[in-house]
Each structure stands twice: as structure tokens, then as C-alpha cells.
Amino acid sequence: MALFDKFKEKVSSAKDKMSDKMAETREKVGTAVSNTKEKLKFTRLREGLTKTRTNLVNRLAGALLPGRKIDEALIQEIEEILITADIGVKTTTALIASVRNRVRKEGLDNAAELYDFIKQEILAILQQGRDGIKSLDDAKPMVIMVVGVNGVGKTTSIGKLALNFKDNGKKVIIGAADTFRAAASEQLEVWAERADVPIIKQQQGADPAAVAFDTLQAAIARESDIVMIDTAGRLHNKTGLMAELEKISRVMKKLRPTAPEEVFLVLDATTGQNAIQQAKEFTKVAPVTGLILTKLDGTAKGGVVIAIANEFKIPVRYIGVGEKIADLQEFDPAEFVNALFETEGESEESANA
Ligand SMILES: Nc1nc2c(ncn2[C@@H]2O[C@H](COP(=O)(O)OP(=O)(O)OP(=O)(O)O)[C@@H](O)[C@H]2O)c(=O)[nH]1
Ligand SMILES: [Mg+2]
């Protein structure tokens, strides 16, 4: 009997050890997977920013050569690089002022010393206005209304976010409140199917506010975590569109006074300074709480992210660095700046190409 007990004890301790080992392995695999995912995300971000890097960072690096003297000609060269990289006059002027200040204060004379300084200043700009960012769990359901002019990427961004949120265990529902454009709700429906999330829609020409109302009502009944409302994108200077957006908001407030918790303005980075103009127009009439910058992959004008962050103090929440689902990334200022400024290996890559 005692022998049998001993045997049992041995087996059970071996089992414990094995399950400890398995848990350890699972944890290791989990960490490895998430590390690989992070690396992949960074690689995609870095790739997506290639054109902007060439236009901004490589030119800066070319000007700020070790040993080059800091003089007026150099400062003007930096200024020109920043402006032509779509950082905008206002933000460039501020950046140049802090460069001059730094040079004077620290008595710098080697151009290379300015490279890291400019990188840090850009990071500081991108970090503005991010303290108040709401967590997705701050409301249930969290209502996100997505606005922006036509073609900027509202519908695709909603589709990608729906998939993203769902993968993270959230219960999502989307409302097709763009009832103006033919086939708009069909396009959203394709995304809803792909993400396997419910969609509330009505026929073309229906009242968008009614669709939004129905969506929120359904979300409350189904205990959804996140509601995303797609809206029409006709020209922003049409007072009709602004009135429509205002009505969608107002009607949702009948169900819950705090809805929509988030209003995300989508801007197409390829439009450069035009995106700034759109941000001006929309923020005048809508309580924009966050920005989505799309199509950074297709443009050398990515510097516009810096201009927008500086001028509007509204946090950039997501950026699009490609057409794939995983290419809509949560914006992280430090990661963005590192990906943008990471030029190491690039000359090797191009030399090997
Ligand atoms: N390369 C690239 N293309 C994108 C990105 N985001 C959106 N697009 C493309 O931009 C085009 C327009 O996207 P939509 O989502 O239809 O734009 P929308 O704002 O909903 O447009 P309307 O409904 O007409 O107002 C599509 O072909 C998308 O695939 C991105 O980050 N990178
Ligand atoms: Mg759309």
C-alpha cells in the first residue's frame, strides 16, 4: 500500500512538473508570438514610412553631417527640408526656433548634434494632447463615430478596426450611416462579413441619424462593447454634411447623453496640406476627439502627421501604412519616430538591391 502511495506521489509530482513545464513553454511561445507580432508591426510601419523617410530623414541626415559647421546656411537648409516634407510653415517655424535656441544655449557647432535633437523635438510634438485618450473600456458600448471627406478611408478603417477589436475579444457592431452614396452600405457589409460582426443598415437615402439610433439601440440590447458609425463623406464645405453629422450625434444622445464618446476624423496623408485644411474645417463644427491618418504608405508627405499633431493637439489614434488589415496600426509616437528615423541598414539594403 505504502509502495503504491509512493508510486502515486511520484506520478503526481511528475505530472505537476510536466504541467509546470508546459505552462512555461506556453508562456514562452506566447511571448515569442507577441514579440514577433510587435516586430512585424514595426517592420510594416518602417516600410510604410519609406517615402517619408527618404523625403525627410535621409535629407536631414545628409545635411547634418558630422563635422559640418552650424551656420545660417545650414539652418535655412533644415528649414527647407522640413517645409518640403509637409511639416507645414507653422510647425517648421517652431522647430527652427527651438533649434536656434538650443544652438545658442549649448554653444553647439557640430551639425550632427542636431539630428537627435530634431528627432526628440518631433517626438515631443507627437506626444502632445495624448493624456486624455479614452480607453475602449471607458464606456459600454464605446460609441465611435467616423467622419471625413469622401475617399479618405473611413469605411476601410472601420472594417479594419472591427476585425482588430474583435480579435481582441470585443463585441462590435457597425452602423451604416452613409446612406447617401450608392453601394456605401454594401462596401461596409463586406467588411462586416469579413470581421463577422453585425451591421445595422437601411436603404439608400434613409435618414443617417435613424441608422445611428438603431445601431446604438441594438448595441445596448446586445450588450456590445464597441459601436462604430460610418458616415457620408461628401464635401466638407457643404453645410448639409455638417448638419447631418450634428444630427447623428444629437439623435444618439437621446439614448445615451455621452454618445458618441469618440469622433474620429479620417485624413488622407497623401493630400498633405489639404489634410490640415480638412482638419480645420471639421474641428470647427464637430467635437473631433481623435485622428486616423491613412495612406501613409503611398506618400512622401508623412510629415503632415507632425504638422497636424502640432496644430490641433488632437491625438492621432490610428495610422494606415498599407492596404492590408494589419496595416491600420494603433499610433504610438515613440514607435513612429523610431521607425521614421531608423535609417540603419537602409543603405545596405539599397546597396544589395
Ligand atoms: N494604400 C492605402 N490605401 C488605403 C488606406 N486606407 C484606405 N485606403 C484605400 O482608400 C480607398 C478609399 O477608402 P474608403 O474606405 O472607401 O473611403 P471612404 O472615406 O469611406 O470614402 P467615401 O465612402 O466615398 O466617403 C480604398 O481603395 C482603400 O483601400 C491606407 O492606409 N493605405
Ligand atoms: Mg465610405
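**What the labels rest on**

Colleague: What covers the buried residues of α8?

Modeller: The cover includes β1 (142-147), β2 (172-177), β3 (199-200), β4 (226-231) and α9 (239-255). This is a predicted model: local features need pLDDT of at least 70 and side-chain atom pairs count only at pLDDT 80 or more, while totals for chains, interfaces and linings use all residues. Residues are numbered from 1 along each chain as its sequence is written, and chains are lettered from A and ligands numbered from 1 in the order in which they are written.

Colleague: How many helices and strands does the protein chain have?

Modeller: The protein chain has 13 helices and eight strands.

Colleague: How do you know what span to expect for α8?

Modeller: The expected span is 1.5 Å times one less than the number of residues. Helix α8 (residues 208-222) has 15 residues, and its 21 Å from first C-alpha to last is close to the 21 Å expected.

Colleague: Aspartate 86 or aspartate 196: what decides whether each is buried or exposed?

Modeller: The count of other C-beta atoms, placed from the backbone, within 10 Å of the residue's own: 20 or more is buried, 12 or fewer exposed, anything in between partly exposed. Aspartate 86 has 27 such neighbours, so it counts as buried. Aspartate 196 has 10, so it counts as exposed. Aspartate 86 sits in the loop between α3 (72-84) and α4, and aspartate 196 in the loop between α7 (184-195) and β3.

Colleague: What is the phi of aspartate 86, and that of aspartate 196?

Modeller: Aspartate 86 is at about 65° and aspartate 196 near 55°, positive in both cases. Most residues other than glycine have a negative phi, and most peptide bonds are trans.

Colleague: Which peptide bonds are cis, then?

Modeller: Among them are lysine 140 to proline 141, with omega near -5°, and alanine 259 to proline 260, with omega about -5°. Proline 141 is in the loop between α5 and β1; proline 260 is in the loop between α9 and β5 (262-268).

Colleague: Why are the buried residues of α5 put on the same side?

Modeller: In α5 (residues 113-126), Leu114, Ile118, Ile122, Ile125 and Leu126 are buried. They cover an arc of only 115° around the axis, so they share a side of α5; the arc is that of the directions from the helix axis to the C-beta atoms. Asp116 and Gln120 are exposed on the other side.

Colleague: Which residues does isoleucine 174 touch?

Modeller: Leaving out residues up to four places away in sequence, Ile158, Ala162, Leu188, Ala192, Val197, Ile199, Met228 and Asp230. Contact here is C-beta atoms, placed from the backbone, within 7 Å.

Colleague: And how many residues surround ligand 1?

Modeller: There are 21, the closest being Gly153, Thr155, Thr156, Gly233 and Gly320. To be near, a residue needs its C-beta atom, placed from the backbone, within 6 Å of the molecule. Helix α6 (residues 154-167) gives the largest share of that shell, three residues.

Terms used
Helices (H or I, at least four residues) and strands (E, at least two) are DSSP runs, numbered from the N terminus. Two residues are in contact if their C-beta atoms, placed from the backbone, lie within 7 Å.
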